[in-house]
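Please read the following walk-through alongside the sequence and the coordinates.

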Amino acid sequence: MELTNLTITQLHQGFKDKKFTSVEVTKAYLEQIKKTDKSIGAYLAVTESLALKQAEAADKIITSGKHFSMLCGVPCAIKDAILVDGEIATAGSKILENYVAPYDATVIKKLKTQGAVILGKTNLDEFAMGASTENSAYQVTKNPHDTTRVAGGSSGGSAAAVAAKEAVYSLGSDTGGSIRLPASFCGVVGLNPTYGSVSRYGLIAFASSLDQIGPMAKNVEDAKIVFEAIYGKDQNDATSKNYQFEESNINLKGLKIGVPKEYFSEGIDPEIEKIIKSAIQKAKDAGAKIIEISLPNTQYGVACYYIIAPCEASANLARFDGIKYGFSETADNLLGVYLQSRGRGFGAEPKRRIMLGTYALSSGYYDAYYKKAQQVRELIKEDFTQAFKKVDVIFSPVSPFAAFKVGEKANDPLSMYLVDVYTVAVKLAGIPALSLPAGKIGKLPVGLQIIGNYFEENKILSIASQLEQLF
Amino acid sequence: MISKEEVIHIAKLARLQLTEKEITKMQKDLSAILDYFDLLKKAPKLKTQRTLRGQTSQSLRADEIIEKPASMANNLVQAAPDKKDGYVRVKAVL
């Protein structure tokens, strides 16, 4: 039996039946990482001693005969923007090169309580800004299905780790598509939860009205188990909401699926369209009702997002000043410390976004950019409110094309921004969406995006797990 | 097209030291992106004068004291590159 093929549920059963121990599974993963990660580059740091210590602790709980949770002893990977107490957290940036996390993020605390095993910290675009992980200050994560191509971003390391069997599951974060896009490119399941359902405490902030932590996994069942472990109200995150996830069993028969016509307009690769349309047909064959809908403000999504997110980023990244965290340049005066530490510590993309945000918020431009974008955000939100009066869920592609070549878009920021065309609107509205592997173009996976109404993760997950059997 | 002087001015506001090469590239990139943002001018006006996100939904919460372990303060100070006697040390402000 290949231990690295097993899902969370299978591992849990195996632990129960004493077929193998958590230490054995953890060692199998550490071995796999050693074997394959040189060519993939999913991990920025492998936390081997932490993982083995946690695995031993998990085995003690398991052998004690007491009840143990689903994630107990199961090895996972964590995006390097999420703090794990005592471990380096770089957010993919040189400015945090030697920064040791002073506490656990709430999601990590929750995973640790369940007895999780943390294998390491995964690569990302610097401060989660990007769609390919090429913006990481350290390395580019390659797509495990074709190493000449990108893994997608920004949670590319987390997606590639799961796809390359270097972790059972992982945590990513989604601000404009950063969980769903790499999940789609790497052929894993990725869930962007409703804004406010998972605590952001301990996630290095990029754009606070959009950032959300979520699971990436081998299948829908695993994604659900991880989501159930991490969601919930947290006193350390005032935007987290008190709600109860209730498992539901949605019947595909009679289910109303909305298909937004704007998501199939110019620019989509015909091969992607074919796969998504065939996925929709399979749902129809299973009895679902397919309804064409309109999200009329779709075309403004990317522009709206690329004003709001950089505005928030320019404020959030002001804290990296050469005074409070690791990287610092010496200078004659305080202003010099700020200018030089930030000038040398940040890479090109964070600089570009800080500049954009500072410009859009500056006197004289605020109304034309920031205020306008906030108004358009309301229009986009309203599009979904209207749509969900008619349908239960919405199906769309995650991306207009499959994984692109490393370097293909690296020097053209605007073309990289346009990769997010099908994922940003969901974030501006704050609703949940999942990427489900739906087919392949050659070797390259393609994800179907299943979008739900606020706090309807249960509906999305139930539908996804049924479709998973049909694809 | 955004001018070179504007780029330098914004970089100063943003506390970013940019090299000559970065300024040239930034001017080109920002100009292309800002041109793209012009698309929003075509967007319809909000029908109702609803208040905007960020100004509404979250009413202010009461100030609360949330206890943290003393070790946390120490950990936070330890992250600073320059510190002395449990304090973060900075260059003279004045």
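The paragraphs below take up the annotated domain and site, the contact between the chains, and a few single residues.

The model is a predicted one. For chain A, an unreviewed UniProt entry gives the annotation "domain: Amidase" to residues 24-461. That span is 38% helix and 16% strand, and its end C-alpha atoms lie 31 Å apart.

The UniProt record, again an unreviewed entry, also lists Lys79(A), Ser154(A) and Ser178(A) under "active site". These residues are spread over 100 residues of sequence, yet they cluster in space, with a largest C-alpha distance of 10.9 Å. From this set, Ser178(A) is part of the lining of the largest cavity.

Where does Lys79(A) lie in chain A? Lys79(A) belongs to strand β2, which covers residues 75-79. Its relative accessibility is 0%, and because buried means under 20%, Lys79(A) counts as buried. Its contacts, leaving aside neighbours within four places in sequence, include both other listed residues, Ser154(A) and Ser178(A).

Ser178(A) sits in the loop between β6 (169-174) and α6 (180-186) of chain A. With a relative accessible area of 5%, Ser178(A) is buried. Leaving aside neighbours within four places in sequence, Ser178(A) is in contact with Lys79(A), Ala128(A), Gly130(A), Gly153(A), Ser154(A), Ser155(A) and Ser173(A). Which side chain makes a polar contact with the side chain of Ser178(A)? The partner is the side chain of Ser154(A), at 2.8 Å.

Ser154(A) itself lies in the loop between β5 (146-150) and α5 (156-163) of chain A. The peptide bond that joins Gly153(A) and Ser154(A) is cis, with omega about 5 degrees.

The next topic is the second chain. Chain B has three helices and two strands, and from the N terminus on these elements run α-α-α-β-β. Of its 94 residues, 26% count as buried.

The size of an interface is often given as the accessible area lost when the parts come together. Between chain A and chain B the buried area is about 4,800 Å², and carbon and sulfur atoms give 68% of it. The contact takes 62 residues from chain A and 45 residues from chain B.

How many salt bridges does the rule find across the interface of chain A and chain B? There are two. In one salt bridge, the side chain of Asp29(B) meets that of Arg352(A), with an N to O distance of 3.0 Å. Eleven residue pairs are in polar contact between chain A and chain B, counting pairs with both residues at pLDDT 80 or more. On the side of chain A that touches chain B, at least two residues each come from α9 (301-316), α10 (334-345), α11 (348-361), α12 (367-390), α13 (413-417) and α14 (424-429). The largest share of that side, twelve residues, comes from α12(A).

Ala91(A) has a phi near 55 degrees, a positive value in a residue other than glycine. Ala91(A) is placed in the loop between β2 and α4 (106-113), and its relative accessible area of 0% makes it buried. Lys165(A), which is not a glycine either, has a positive phi of about 60 degrees. The loop between α5 and β6 holds Lys165(A), which counts as partly exposed at 33% relative accessibility.

Ser64(A) is found in the loop between α3 (48-63) and β2. A polar atom of the side chain of Ser64(A) lies 3.3 Å from the backbone nitrogen of Lys66(A). At 39% relative accessibility, Ser64(A) counts as partly exposed.

Asn458(A) lies in helix α15, residues 457-470 of chain A. Is Asn458(A) buried or exposed? Its relative accessible area is 19%, and the limit for buried is under 20%, so Asn458(A) is classed as buried. Not counting residues up to four places away in sequence, Asn458(A) touches Phe245(A), Glu246(A) and Ser248(A).

Technical notes. Residues are numbered from 1 along each chain as its sequence is written. Chains are lettered from A and ligands numbered from 1 in the order in which they are written. This is a predicted model: local features need pLDDT of at least 70, side-chain atom pairs count only at pLDDT 80 or more; totals for chains, interfaces and linings use all residues. Side-chain values use heavy atoms; hydrogens and water are left out. UniProt positions are given in the numbering used here, feature names are shortened, and annotations may be inferred rather than shown by experiment. On a 1 Å grid over the protein atoms alone, a cavity is a set of points where a 1.4 Å probe fits but cannot get out, and a pocket is an open set with protein on both sides within 12 Å along at least five of seven lines; lining residues have an atom within 4 Å of a point. Helices (H or I, at least four residues) and strands (E, at least two) are DSSP runs, numbered from the N terminus. Buried means under 20% relative accessible area, exposed over 50%, partly exposed in between (1.4 Å probe, protein chains only). Contact means heavy atoms within 4.5 Å. A polar contact is a pair of N or O atoms within 3.5 Å; within protein, one must be able to donate a hydrogen and the other to accept it, and residues adjacent in sequence count only if both atoms are side-chain atoms. Buried area is the accessible area (1.4 Å probe) that two parts lose on being put together, summed over both. A salt bridge is a side-chain nitrogen of Lys or Arg within 4 Å of a carboxyl oxygen of Asp or Glu.
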